Amino acid sequence: MKSHNLDKDTRAELFDVLLENSFIGITITDEKGEIVVVNEAQSRITNIPIVESIGANMESYVESNYISQSASMQVIQDKKRVVINQKLSAGKSHVVEGIPVMDDADHIKYTVNFLLDESELEEARQEIETVSSDKEKLFNKYQELLEILNEQEDIIYQSKVMRDIVYLASRVADRDVAVLITGPSGSGKELIANLLHEKSRRKTRPFVKINCSAIPEQLLESELFGYEPGAFTGGAPKGKAGLLEYADGGSILLDEIGEMPMQLQAKLLRVLQDQQVRRIGSTKDIKVDVRIIASTNADLKKLIAEKKFREDLYYRINIVDIKMPGLDKRREDIPLLIAHFEKRFNQKYDFNKKFSIDAINYLMGLDYCGNVRELQNIVERLIVQSSNDVITLEEAFAAMGILTIEEDGEGGRELIKVEEEMSLKKIMEQYERKILLHYKKVYGKGTVMAEKLKTDQATISRKLKKYGL
């Protein structure tokens, strides 16, 4: 069956609307039945928090008798759409439709499950009862969601802030305008650049990437603009075409553009204005058709004020400004990212390890200066270092070597409260109590806590009693 010929903007809007609906629970699993996406309606209907669902396996829910049967596992087994009547251990009954998403080799990539809560959708009951004779009707509603899921590739998210960014990038990808991607290191700027190229009319042409901070000034100029024979000592005898020429018809990513020397900024401005390049040592201009995508973690306006970046170039590259958030602005994506990296590194190292819910909750509470890249490194380290199939809270805590006490019982953030005229002793007691509470949660026994905190057990026991722990 073919889907409706909808434009990218409409599909992105449809994706958001479908996930945010109030009545239909949506769960997406991978080829093994592990949950990778779940919406708020599903969490509310089943009374399972999203953080506990991500990474869980549907088969384990059946084995623990929480659900009577799993549409995902039946789809994986039969490789076709199914409709089941599912009962929860709490007594609720639901109609669930499971739909396979196949790759070109006819292997399961994902299963998408739509759950209807009969207690809340009595009016929709008649429609669901006709699914057996008209299942394609329900499938058509969600075909666009499946297409967008397949297009997401390595951009893993479920937060609104990232949905807005991906929507914006998809909308401008084929507009052929210069785009500036800003944001902290490790936040995924290159992934958005990839999306811009892959969704553009230039996707079959070269996509060249160059880090302006990693190459010396003289070499950077020759790499970008090329040079004629004999232009300088040590060059290729026949000269060399620059990367801007190589990218003709395609796109070029200038990463860390804030580090580009002023002299080269002037030459780049000419490329943007005239779509022409001139090799070093040449008097001849070469026509090029190249789209400029720039990225940086620097404050370009501050560099302009310091006379380190050209203001006219800034406005040329900043037709569209995409601001990437740090991981602290999209914490709800962390469980999804952990599940993604867990799968990647299990395949890389031939393991089958899982993160416990406690370990995921702990990692959600940490601050990541390196953002998604740092989280990826942490997940890889834990996959490699863990001696168990299930990575525990204690292993995550020990591997990090740091303590996070800025958290409440629901995964939120709560700083130590300092009231007016509060003494230093009282403030330190609050701090000490939070540390002890955290260590008690991780290690449990006073003997282990004493060992980790490098003190004696009597001191730990006395302080636990003092703080009512």
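Which strands does helix α8 lie across? Helix α8 (residues 160-172) lies across β13 (291-296) and β14, and runs at about 155° to β14.

## Basis of the description

This is a predicted model, in which local features need pLDDT of at least 70 and side-chain atom pairs count only at pLDDT 80 or more, while totals for chains, interfaces and linings use all residues. Residues are numbered from 1 along each chain as its sequence is written, and side-chain values use heavy atoms, with hydrogens and water left out.

Helices (H or I, at least four residues) and strands (E, at least two) are DSSP runs, numbered from the N terminus. Axes are lines fitted to C-alpha atoms, for helices over the stretch in contact, and angles run from 0 to 180 degrees between N-to-C directions.

## The sheet

Five strands form an open sheet with parallel pairing, in the order β7-β10-β13-β6-β14. Two strands pair if DSSP finds at least two bridges between them. The edges are β7 (207-211) and β14 (320-323); each has a single partner strand, so one side of each is left without a neighbour in the sheet. On average, neighbouring strands of this sheet are turned by 15° against each other, direction ignored.

Strand β6 (residues 179-182) runs parallel to β14 and is joined to β14 by four bridges. Ile-181 has Ile-322 in β14 as its bridge partner. Helix α9 (residues 189-198) packs on the sheet and touches β6, β7, β10 (251-255), β13 and β14. The direction of α9 makes about 155° with that of β6. Contact here means heavy atoms within 4.5 Å.

## Helices α15 and α17

Two packed helices are described by the angle between their axes and the distance between the axes. For helix α15 (residues 334-349) and α17, the angle is about 50° and the axes are 9 Å apart. The two helices are therefore oblique to each other (angles under 35 degrees count as roughly parallel, over 145 as roughly antiparallel, 65 to 115 as roughly perpendicular and the rest as oblique).

Residues of α15 in the contact include Phe-341 and Phe-345, and those of α17 include Leu-375 and Val-379.

## Helices α17 and α18

Helix α17 (residues 371-385) and helix α18 (residues 393-400) have axes that come within 10 Å and cross at roughly 120°. Ile-378, Arg-381, Leu-382 and Gln-385 of α17 make the contact with Glu-395, Ala-396, Ala-399 and Met-400 of α18.
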